[in-house]
Amino acid sequence: MDTRTIHYRAASAGYWLRYEGDVEPFPGTDSIGHLRGTESPIGGTLLEVLGGVRPAEARELAGGGRSYRADFPLAEALELFPYDLRQEFVPAPLNAGAPGAPVPVDVEVDREGRITRASADLTSLLDKGRNGALDGVTGLRAELALSGFGAPEPPLDTVPGGRVLAGASAVVALHGARPGDCLDFNTGMRHRRLVVRVPCAGPHDGEIVEQHSLPGAFPGTEEAAERARRACAAAGERGAGGTPWRTWSTEEEWTEHGEGRATCYTVSRAAATPPVRTASASS
């Protein structure tokens, strides 16, 4: 298993995306970390953090197994969760050895030393002073139980069959796409407004119709949205078939490039979910 490469395919896509290392549109952003566990509240399992456990107390179990009362660092506990949920917890320590409340865990192994159960109290991760998605949650636990151990499986082929696109070149920020580009919206990344550039000859979620510069300093979110609405007002009539949509630069993008950009595009696949911070022609 290559821990630095991951292949992702959306249900609507006829290809795989291969991610290796950093996300090209956002240097320094680890694509493997962003993809990990984005489809569930907990991205990892307790098995993935038990390597950092510090044993404190052990006792014998009936049948020859053992039970361990231990803990692991707060920094490792945060690794259990995907990036878009970690912001709801206490600030992450700089490293596993940095100060922070340890996370208590109970681990049981059978007579052969194989882990059969683990239970961790993650309550120390809760940020009691934050009003967010977990506001009002007073306790948090993770439980892991292994009911059996099967025969070893042969190694999986690390390269899936079918068409594979390199994420470093195929995945771009929406504001970086250009008129005429056809796009799929599901990159697996959940990172702002990333899209996949795909050939227009095949199935696709949408297509860029026009782009307009929005000069001057960032005018505020509401005015930026209004300027994008005016810029894209007639784009749907001139573009490819589909529902007209538009998007506009964030304040960060606006400041970075010295001006904003309105991107006018159409959505051609009925079940497609357009990227965030966009609006349909009717709004």
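Guide: A118 stands opposite L144 in β9. This is a predicted model in which local features need pLDDT of at least 70, side-chain atom pairs count only at pLDDT 80 or more, and totals for chains, interfaces and linings use all residues. Residues are numbered from 1 along each chain as its sequence is written, and side-chain values use heavy atoms, with hydrogens and water left out.

Visitor: What makes β8 and β9 a pair?

Guide: Strand β9 covers residues 141-145, and five bridges join it to β8 in the antiparallel sense.

Visitor: Which strands pair with β14?

Guide: Strand β12 (residues 182-184) does, over two bridges in the antiparallel sense. Pairing asks for at least two bridges, so β12 and β14 qualify with two. C182 stands opposite E207 in β14. Strand β16 (residues 260-267) is also antiparallel to β14, with eight bridges. E207 has T266 as its bridge partner in β16.

Visitor: Why is β14 called mostly covered?

Guide: Seven of the nine residues in β14 (residues 206-214) are buried, that is, under 20% relative accessible area with a 1.4 Å probe, protein chains only, where exposed is over 50% and partly exposed lies in between. For the protein chain of 283 residues, 41% count as buried.

Visitor: What does T243 contact, leaving aside its neighbours within four places in sequence?

Guide: T243 is in contact (heavy atoms within 4.5 Å) with Y265, T266 and V267. T243 and A270 are 27 residues apart in sequence, and their C-alpha atoms are 9.1 Å apart.

Visitor: How many helices and strands does the protein chain have?

Guide: The protein chain has seven helices and 17 strands. Helices (H or I, at least four residues) and strands (E, at least two) are DSSP runs, numbered from the N terminus.
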